[in-house]
Amino acid sequence: MSLTFEEARRRVDAYIGQFEEGYFPPLLMLARLTEETGEVARVIAHRNGKTPKPGEDAGDLELELADLLFVMICMANERGLNLERGFERMMEKIETRDADRWTRKEAGR
């Protein structure tokens, strides 16, 4: 399945649009983003040496990253921002600024 930024934006907006409360205020969304980032950190820690507490699920990194994406889309929607345009701008920045920052793989490897 392939999903564009615009399709994801519309789907999130349709979901949030069902509720009177609408999008959370920006600072609450930032708090949610921080909480979800903590969940990603917990899963990575569990997969890289930290033993989960008894009865604690090791977690699902794919789902936790998607939770982060959902909150980021909510933040962009609430502000009327275009994540696809932002992503393209960010890639242009790192593809030029960081073009020679790391050692490139040899062709054919």
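**Entry 1: the largest pocket**

I began with the lining of the largest pocket, to which helix 1 and helix 3 each supply at least two residues. I am reading a predicted model, in which local features need pLDDT of at least 70, side-chain atom pairs count only at pLDDT 80 or more, and totals for chains, interfaces and linings use all residues. Residues are numbered from 1 along each chain as its sequence is written, and side-chain values use heavy atoms, with hydrogens and water left out.

I noted the meaning of a helix here: helices (H or I, at least four residues) are DSSP runs, numbered from the N terminus. For a pocket, I wrote down that on a 1 Å grid over the protein atoms alone, with a 1.4 Å probe, it is an open set of points with protein on both sides within 12 Å along at least five of seven lines, and that lining residues have an atom within 4 Å of a point.

I looked up the space in the largest pocket and found about 280 Å³, where a volume is the space filled by probe spheres set on the grid points, which are joined across faces, edges and corners. Its lining is made by Leu3, Thr4, Phe5, Ala8, Arg11, Val12, Tyr15, Ala66, Asp67, Leu69, Phe70 and Ile73. Sorted by class, these lining residues are nine nonpolar, one polar and two charged; Ala, Val, Leu, Ile, Met, Phe, Trp, Tyr, Cys and Pro count as nonpolar, Asp, Glu, Lys and Arg as charged, and the others, Gly among them, as polar.

**Entry 2: the second largest pocket**

I then turned to the second largest pocket, whose volume is about 160 Å³, and listed its lining as Phe5, Leu69, Met72, Met75, Ala76, Arg79, Leu81, Leu83 and Phe87. Two or more of these residues come from each of helix 3 and helix 4 (83–97), and helix 3 gives the largest share, five residues. By class I recorded eight nonpolar, no polar and one charged residues in this lining.

**Entry 3: helix 1 against helix 3**

I looked up how helix 1 (residues 5–16) and helix 3 (residues 61–79) pack, and found an angle of about 80 degrees with the axes 10 Å apart. The axes are lines fitted to C-alpha atoms over the stretch in contact, and angles run from 0 to 180 degrees between N-to-C directions. The two helices are therefore roughly perpendicular to each other, a term that covers angles of 65 to 115 degrees.

On the helix 1 side I found Ala8, Arg9, Val12, Asp13, Tyr15 and Ile16, which meet Phe70, Ile73, Cys74 and Asn77 of helix 3. This contact has seven nonpolar, one polar and two charged residues, contact meaning heavy atoms within 4.5 Å.

**Entry 4: single residues**

I checked Val12, which sits in helix 1 and counts as buried at 8% relative accessibility; buried means under 20% relative accessible area, exposed over 50%, and partly exposed in between, with a 1.4 Å probe and protein chains only. Beyond its neighbours within four places in sequence, Val12 is in contact with Tyr23, Phe70, Ile73, Cys74 and Asn77.

Val40 belongs to helix 2 (residues 26–47) and is also buried, at 9% relative accessibility.

Key. Parallel < 35°, antiparallel > 145°, perpendicular 65-115°, else oblique.
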